[in-house]
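Visitor: Hi, could you walk me through this one? I'd like to start with pockets.

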Amino acid sequence: MHKSQVHVVDHPLIRARLAQLRDRATPSETFRRALTEIAGLMVPTVTHSFTTRPVRVTTPLEECEAESAAHPVVIAPILRAGLGMAEGMLRLLSDASVAHIGMYRDEETLRPMPYYYNGPENLADCEVVVVDPMLATGWSAAAAVTQLREHGATRLRFVCLLSSPEGLRHFSKTHPEVPVFTAAIDRELDARGYILPGLGDAGDRFFGTVR
Ligand code: URA
């Protein structure tokens, strides 16, 4: 694994919210709040290396040198669970655009099946932040990055809450130049491709569709 590209975003506020997400007794409302808040808490680390350009601004008193973002930001949630993370990030990156990526997992092969893409056409000048709470097998994340590259993206990052060692290995092998930001690295995947100990199905728990 290209370990230098994997950043564990560790913070007491994130750890406390992860505990809520992992707890099977946590109701959907609390789960939603904790997930969006973690995504927001990860923003400063994820965007730390974004570049800025100098701008002149006029304060009420005088002109001065300031800085402005050098590249537009695009948040790319993998549907559906990525939507919750996008919501949390948009609270801090309010001028970002959103590229929706529809990717469901074939439950037999565990491989991603793309079914939808809607985002800005030319991503070449953008900082693209791909979000999905769970980096499990790593196949959906890798396929989403490939799809965004086909739309011109060159500056990419992948952000998740929980990742598995298997998923990180697959993703880093497929896209070694794309940094991964994760709030925690869990132990392993089970036979169905769920992360252990994990938090269950992030989409079902976020949208209250647990059966
Ligand atoms: N997707 C989830 O929502 N949970 C997992 O554990 C793995 C993939």
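Visitor: How much space lies in the largest pocket?

Guide: About 590 Å³. A pocket here is an open set of points on a 1 Å grid over the protein atoms alone where a 1.4 Å probe fits, with protein on both sides within 12 Å along at least five of seven lines. The volume is the space filled by probe spheres set on the points. Bear in mind that this is a predicted model: local features need pLDDT of at least 70 and side-chain atom pairs pLDDT 80 or more, while totals for chains, interfaces and linings use all residues. Numbering runs from 1 along each chain, and side-chain values use heavy atoms, without hydrogens or water.

Visitor: Which residues lie nearest its centre?

Guide: Ala81, Met103, Arg105, Asp132 and Asp201, out of 25 lining residues (lining means an atom within 4 Å of a point). The lining has 14 nonpolar, six polar and five charged residues.

Visitor: OK, helices now. At what angle do H4 and H5 pack?

Guide: About 20°, with the axes 8 Å apart. H4 and H5 are therefore roughly parallel (under 35 degrees). Axes are lines fitted to C-alpha atoms over the stretch in contact, with angles from 0 to 180 degrees between N-to-C directions.

Visitor: Which residues meet there?

Guide: Trp139, Ala141, Ala142 and Val145 in H4 meet His170, Phe171 and Thr174 in H5, where contact means heavy atoms within 4.5 Å. That contact has five nonpolar, two polar and no charged residues.

Visitor: And how do H1 and H2 cross?

Guide: At roughly 150°, their axes coming within 9 Å. H1 and H2 are therefore roughly antiparallel (over 145 degrees).

Conventions
Helix = DSSP H or I, 4+ residues; strand = E, 2+ residues; numbered from the N terminus. Parallel < 35°, antiparallel > 145°, perpendicular 65-115°, else oblique. Nonpolar A, V, L, I, M, F, W, Y, C, P; charged D, E, K, R; others polar.
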